[in-house]
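Notebook open, structure loaded. I want to jot down what I look up as I go.

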Amino acid sequence: MENGFIILFGLSMLYLASTSRIISHIRILVMQGILLFLICILGHKSTPLLDIAFLIIETLVVKSIVIPWFLYRVLKKTGANRDEAANIPHFYCLVISSVILLAGFLASNCMIGMKNIAPLYFGISVSVIVISLWLITIKHKIVSNVIEFITMENGIFLLSLSVAGEMPVLVNLGVLLDVFIAVYILGLFVRKINKEFKDLEVSHLSELKDYE
């Protein structure tokens with residue numbers, strides 16, 4: 001069951017790469033937060049009660065509710081419904097993302113038997129990180145880049161679980177705080193850009209300058 005949720009987590013990135021609807025991207029964030037919660041609960045059954053409480057706050061509350069809700073508000077005010085101007089058509093995005101995910105599966109098979117590393121965790125998490133970084137480079141909407149940044153952090157969260165026998169609470173807390181601050185600042189930044197340019201294309205960032 002645990003491995004099934006990990007695979008489903010990786011497959012969610014394929015849907016992210018294949019659609020231009022930003023609201024669907026936000027729903028993927030909700031789904032990933034729930035999957036991370038289930039993965040942690042099933043994979044760390046002996047986790048202390050305090051860690052479980054932190055896990056619920058981090059995955060179910062912050063990743064599945066707070067951050068998606070904040071992004072939805074930004075999306076509603078800016079009106080950026082689609083990101084159709086990517087450098088690569090969505091079909092090729094899906095093919096390339098599938099190749100990256102397949103490489104992660106193959107890497108996890110090669111790592112079976114290694115100590116202190118959960119192979120499937122490691123392979124899928126690295127694939128998610130690579131796909132997120134790649135999507136950031138080809139997407140044009142700032143909101144899309146923010147969402148891919150969050151999926152990359154979700155991959156880092158899963159990666160931290162692959163190299164530790166116990167849930168690294170301090171590491172996750174530090175990453176979560178950085179992500180929360182980054183998303184908040186980026187959300188304000190997106191709204192300011194939208195007021196100035198009436199669009200959220202990344203290319204407009206080159207036009208920003210200080211006024212004397």
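Predicted model: local features only at pLDDT ≥ 70, side-chain atom pairs only at ≥ 80, totals over all residues.

On the H1 side I have Ile-7, Gly-10, Leu-11, Leu-14, Ala-17 and Ser-18. From H4 come His-90, Cys-93, Leu-94, Ser-97, Ser-98, Leu-101 and Phe-105. Sorted by class, the H1 contact with H4 has eight nonpolar residues, five polar ones and no charged ones. A reminder to myself on spacing: an α-helix has 3.6 residues a turn, so residues three or four places apart point the same way.

Staying on H1, I clicked on Phe-9, which belongs to that helix. Is Phe-9 buried or exposed? Phe-9 is buried, and its relative accessible area comes out at 0%. Skipping neighbours within four places in sequence, I found Phe-9 in contact with Gln-32, Leu-35, Leu-36, Ile-39, Ile-124, Val-128, Asn-154, Gly-155 and Leu-158. I also checked one of those pairs by C-alpha: Phe-9 and Leu-36 are 27 residues apart along the chain, with 7.9 Å between their C-alpha atoms.

Then Ser-24, which I located in H2, residues 22-43. Ser-24 is buried too, with a relative accessible area of 3%. With neighbours within four places left out, Ser-24 has contacts to Tyr-15 and Thr-19.

On to H5, residues 119-138. I wanted its length: the 20 residues reach 29 Å from first C-alpha to last, close to the 28 Å expected at 1.5 Å a residue. How many residues of H5 are buried? I get 14 of the 20, so H5 is largely enclosed by the rest of the structure.

Last, I zoomed out to the whole chain. I count seven helices and zero strands, and from the N terminus the order reads α-α-α-α-α-α-α. Of its 212 residues, 48% count as buried. For contacts between residues at least 6 apart in sequence, 77% join residues at least 24 apart; the Phe-9 to Leu-36 pair, at 27 residues apart, is one I had already looked up.

Notes: Residues numbered from 1 in each chain as written. Heavy atoms only, no water. Contact = heavy atoms within 4.5 Å. Helix = DSSP H or I, 4+ residues; strand = E, 2+ residues; numbered from the N terminus. Nonpolar A, V, L, I, M, F, W, Y, C, P; charged D, E, K, R; others polar. Buried < 20%, exposed > 50% of the residue type's maximum accessible area, 1.4 Å probe, protein only. Expected span 1.5 Å × (residues − 1).
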